[in-house]
Amino acid sequence: MVASMMIGLAAAGALALPSVDPQDVHRATDQVPVVSTNPSWSTEALIFVDQSGDVFECTTQHSEGSERVFRQLCREFRRLKVEAASDREGRPIHGVLGIRVTRFPGAERDAGSVTEYPDMMLPLPNLQVAGMVSALVEVETDGQITHCEIALSPDIADTASQQAVCDFLLTVPIAPMIGTDGHAVRYVRLVKVFVNG
């Protein structure tokens, strides 16, 4: 499989998403068989990673293709070697990583791309600017965001508007993450915010 991965969503400080070697993602994707009735497919997979770097859950969304293929893809992704996320003190923490996969069968072999993507999208009106901002957030066990760092802001360069995005996110409760023991855990995720979108 010919593939590329965009990993450039690092934020300042120690807060970090789970990370995975792109070649491991490509190898996992290569294990998914091509279905003759529906050879092209795409999906956005969310992998949930514990503080030890083990993938304990995988879901797919915005998918085009066979559900059987996506189940197989998640089985392969659960075997990935992942570096755990880290909180703002640099300690290992649970995290969510989004991976977009697209496969287009060709004459000789499958070609596709794998890109990291934000796993939530929120609108933010009432600013004098418009565009997209991606932020790394730390989420407590009750779903409250307690820390926000701008990871990528291609459209909004001024720090006041970026700070307004983080201030907004600190007021937005999101779903808690439930760990393997059935209890809510702190975690890190990437959030895409559309400002005046």
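Before I go on, a word on what you're looking at. This is a predicted model, where local features need pLDDT of at least 70 and side-chain atom pairs count only at pLDDT 80 or more, while totals for chains, interfaces and linings use all residues. Residues are numbered from 1 along each chain as its sequence is written, and side-chain values use heavy atoms, with hydrogens and water left out.

Back to that bond. Cys148 is in strand E10 (residues 145-152) and Cys166 is in helix H3 (residues 159-169), so the link spans distant parts of the chain, 18 residues apart. Helices (H or I, at least four residues) and strands (E, at least two) are DSSP runs, numbered from the N terminus. Cys148 is buried, at 14% relative accessible area, and Cys166 is buried too, at 6%. Buried means under 20% relative accessible area, exposed means over 50%, and partly exposed is in between, using a 1.4 Å probe and protein chains only.

Cys58 lies in strand E3 (residues 55-64) and Cys74 in helix H2, so the bond ties together parts that are 16 residues apart in sequence. Both ends are buried: Cys58 at 7% relative accessibility, Cys74 at 6%. Number the bonded cysteines in sequence order and the pairing reads 1-2, 3-4.

Now, rings. There are two aromatic pairs in the structure. Rings of Phe, Tyr and Trp (its six-membered ring) pair if their centres lie within 6.5 Å; planes under 30 degrees apart count as stacked, over 60 as edge-to-face and the rest as tilted.

Trp41 and Phe70 are edge-to-face, 5.8 Å centre to centre with 75° between the planes. Trp41 is in strand E2 (residues 41-49) and Phe70 in helix H2 (residues 67-77), so this pair links parts of the chain 29 residues apart. Trp41 is buried at 3% relative accessible area, and Phe70 is buried at 2%.

Phe48 and Phe56 make a tilted pair: 6.5 Å centre to centre, 55° between the planes. Both of those are buried.

Note on methods. Disulfide = S-S within 2.5 Å.
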